[in-house]
Amino acid sequence: MAGSTLEIKDLHVEIEGQEILKGVNLTINGGEFHAVMGPNGTGKSTLASAIMGHPKFEVTQGEVLLDGENVLEMEVDERAQAGLFLAMQYPSEISGVTNSDFLRSAINAHREEGDEISLMKFIKEMDSKMDTLEMDKNMAQRYLNEGFSGGEKKRNEILQLMMIQPAIAILDEIDSGLDIDALKVVSKGINEMRNDNFGCLIITHYQRLLNYITPDKVHVMMQGRVVKSGGPELAQRLEEEGYEWIKEELGIEDETVGQEA
Amino acid sequence: MTVEVSLPYDKEYVTQFSKGLQEPEWMKNLRLNALEKSESLELPKPDKTNIQSWNFTEFKHHVEGETIDSLQNLPVEIQDFLDQEEEQQNLVIQRNHTVAYGTLDQKLKDQGVIFTDMATALREHGELVEKYYMNDAVHVDEHRLTALHAALMNGGIFLYVPKNVQIEEPIQAIFWQEDPEASLINHILVVAEENSSVTYVENYVSHNKEEKTSANIVTEVIAKDGAKVSFGAVDNFEAGTTVYANRRGVAYRDAVIEWALGQMNEGNTVSENITHLIGDNSHSNAKTVAIGRGAQKQNFTANITHFGKGSDGYILQHGVMKDKATAIFNGIGKIEHGASKSNAEQESRVLMLSKDARGDANPILLIDEDDVTAGHAASVGRVDPIQLYYLMSRGITRFEAERLIIHGFLAPVVKQLPVEAVKRQLTQVIERKVY
């Protein structure tokens with residue numbers, strides 16, 4: 001089998017002492033695109049952040065395995081070097097560090113010492129990917145995310161995804177704040193990544209992203225768990241009927257988790 | 001109660017020193033008058049830093065430096081300041097207290113530009129220097145250090161740009177304290193006449209880790225109506241040198257003074273950078289970055305005072321503190337009565353890399369006029385864990401991520417320095433000091 005496998009097993013996660021994830025199970029294989037959907041406040045972004053190792057989230061139980069290795073025991077940079085990538089919902093702004101210098105450091109971090117990417121090759125690759133994403137060339141020399149519009153930040157996350165070429169990517173609400181044209185461009189970039197060696201977990205609460213990126217599997221999260229899984233038709237039904245039918249089916253009154261009343 | 005410090009340099013010494021340099025009479029008198037005042041004036045009192053016991057008076061006062069016939073004969077650490085690819089047209093290298101190398105583009109000479117060491121300027125352009133020397137910007141009797149400076153000044157540069165002359169290429173000066181005990185009592189005087197423009201960049205460097213001496217630097221920048229002066233500096237005195245640096249600008253109508261100061265000394269340092277926006281619509285952008293390490297104590301003041309209407313001032317101070325270093329960053333935006341429609345902005349940020357380091361950011365706005373805008377931002381803290389997380393999530397190690405963030409934090413000055421070699425050298429100094 002080609003590609004890597006990410007296995008999330010019985011994952012429990014707390015933030016500031018409050019449990020947000022209450023046993024999540026998911027397996028993503030290379031070549032597969034999974035969508036995790038669900039209303040706001042059901043734990044979707046927590047899942048993404050906990051897998052990557054965000055300092056505010058504490059894993060209290062369960063495992064996340066990448067090709068059998070427990071990533072929860074790794075530092076954040078080791079997780080990335082092992083093949084994980086997270087396109088963040090709110091990327092940090094880092095003043096004084098150009099987008100291009102940052103990207104080159106990131107690419108070289110995935111390579112052996114002495115095998116750094118040549119400047120020419122780097123520029124060529126970046127230029128071509130920026131073209132795909134219809135990004136203004138001067139964004140390479142701007143400081144990382146500083147003063148970027150919401151849409152520019154999202155494109156920049158996908159630019160990083162395309163340059164780094166991870167084994168498994170998690171896209172955390174990459175569609176939020178994008179107009180329809182930007183959404184198409186970003187989707188084009190993500191679809192270009194599709195191959196047997198690349199697995200992707202797409203977190204969204206709008207079905208519209210899935211009009212452009214067809215998932216192989218769709219999962220619905222509520223109350224900090226995956227409560228329903230299915231194929232692309234599940235996303236279609238959610239688009240038409242909303243989430244109420246699932247709540248009724250499962251007897252859930254309040255789908256959110258860890259929210260103050 | 002002040003401690004009396006009797007200088008090893010008396011009236012007789014100063015008279016002979018002035019005579020030896022064939023200085024004009026006014027300069028000798030200014031020195032003698034200053035010497036007398038230095039005995040009664042007190043040391044300055046920088047906010048929250050006690051400098052009473054610092055060494056401002058023990059040093060070798062006059063040390064000649066060998067001249068250099070070719071830049072290839074410079075030691076590598078001095079060559080680092082020079083853009084090797086390009087021929088140096090406008091450069092002065094001062095070695096201890098004398099000029100080792102000096103050149104100025106003939107085209108600029110023909111336009112009336114003067115760029116020479118202070119001793120030569122006093123001999124050849126005495127009247128012109130007299131008009132500005134410690135007149136409009138810094139005064140002899142402000143405190144003991146300005147008086148000592150005036151009495152014992154032993155180096156520096158005079159840069160004069162005539163009316164309407166725009167100098168495209170940067171003008172570069174290197175002040176090389178080669179003798180470990182030599183004191184640089186350097187006076188930099190930049191005069192930009194109406195509608196002229198110039199970019200100047202200077203480096204201070206010494207290698208005295210153990211030997212004690214002191215530097216007393218006064219810089220005066222005069223920007224006449226419509227003139228523009230960009231002033232860049234990298235100070236990198238070693239730990240043995242106690243530094244007093246006073247850089248002051250006066251901007252007249254529509255004039256612009258930009259400062260980009262990389263304050264990278266290893267020893268105790270008091271530095272003030274004050275700009276008077278005298279004229280209407282004058283503008284100043286004062287940027288400083290600094291690093292403290294070891295047990296170093298430093299005090300930085302950036303002050304922009306607005307007198308002219310519609311004047312615009314922006315202060316940026318970024319400091320990185322490690323080990324047990326202490327630094328105080330005072331940012332002062334002052335708007336005088338009558339300076340309506342003025343704008344005073346400032347940002348002071350200190351990044352702490354160890355728990356024993358201390359950094360204070362004191363933003364101060366003093367406003368005596370109603371119709372103005374002003375703002376400040378200040379912060380003292382550690383490297384942001386969320387920024388680290390973001391960079392590390394791309395595979396970048398914690399060490400490298402922190403390095404990127406720190407270089408980025410100090411980039412506002414690096415970016416603005418005009419000479420590529422000076423930028424690169426400052427980046428190396430930052431790298432060396434932080435790691």
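Predicted model: local features only at pLDDT ≥ 70, side-chain atom pairs only at ≥ 80, totals over all residues.

Trainee: How do I read a sheet, and in what order do the strands of the ten-strand sheet of chain B stand?

Mentor: Strands of a sheet pair through backbone hydrogen bonds, either parallel or antiparallel. In chain B, ten strands make an open sheet with the order E2-E1-E5-E7-E9-E11-E13-E15-E17-E19 and mixed pairing. Its edge strands are E2 and E19 (373–381) of chain B, each of which pairs on one side only. On average, neighbouring strands of this sheet are turned by 10° against each other, direction ignored.

Trainee: Which helix packs on that sheet?

Mentor: Helix H10 (residues 420–434) of chain B does, touching E7, E9, E11, E13 (283–292) and E15 of chain B. The direction of H10 makes about 35° with that of E9(B).

Trainee: In which sense do E15 and E17 of chain B pair?

Mentor: Strand E15 (residues 312–321) of chain B and E17(B) are parallel, with ten bridges.

Trainee: What is the strand order in the six-strand open sheet of chain A?

Mentor: The order is E6-E9-E10-E3-E11-E12 (chain A), and the pairing is mixed. To find the edges, look for strands with a single partner. Strands E6 (84–87) and E12 (225–230) of chain A each have a single partner strand, so one side of each is left without a neighbour in the sheet. The twist from one strand to the next averages 20°.

Trainee: What pairing do E3 and E10 of chain A show?

Mentor: Strand E3 (residues 33–37) and strand E10 (residues 199–203) of chain A pair in the parallel sense over four bridges. A:His34 has A:Leu201 in E10(A) as its bridge partner. A helix also belongs in this picture: H5 (residues 150–164) of chain A lies across E6 and E9 (168–172) of chain A, and runs at about 165° to E6(A).

Trainee: Now the domains. Where do they lie in chain B?

Mentor: The domain assignment gives domain 1 (11–279) and domain 2 (383–435) of chain B. Their C-alpha centres lie 30 Å apart. Their contact takes 17 residues from domain 1 and twelve residues from domain 2 of chain B. On the domain 1 side, E7 (197–206), E9 (228–236) and E11 (256–263) of chain B each supply at least two residues. E9(B) gives the most to that side, with four residues. By class, the domain 1 side divides into eight nonpolar, seven polar and two charged residues.

Trainee: What can be said of the contact between the chains?

Mentor: Count the residues on each side, then ask which elements supply them. Here 20 residues of chain B are in contact with 22 residues of chain A. On the chain B side, helices H8 (385–392) and H9 each supply at least two residues. H9(B) gives the most to that side, with nine residues. The chain B side has eleven nonpolar, six polar and three charged residues.

Trainee: Last, where is B:Ser354 found?

Mentor: B:Ser354 is in the loop between E17 (343–352) and E18 (358–367) of chain B. B:Ser354 has 13 C-beta neighbours inside 10 Å, so it counts as partly exposed. Leaving aside residues up to four places away in sequence, B:Ser354 touches B:Lys322 and B:Asp323. The C-alpha atoms of B:Ser354 and B:Asp323 are separated by 5.8 Å, although the two residues are 31 residues apart along the chain.

Key. Residues numbered from 1 in each chain as written. Chains lettered and ligands numbered in written order. Pairing = 2+ DSSP bridges. Axes fitted to C-alpha atoms, helices over the stretch in contact; angles between N-to-C directions. Contact = placed C-beta atoms within 7 Å. Nonpolar A, V, L, I, M, F, W, Y, C, P; charged D, E, K, R; others polar. Domains from an automatic or database assignment. Buried ≥ 20, exposed ≤ 12 C-beta atoms within 10 Å, placed from the backbone.
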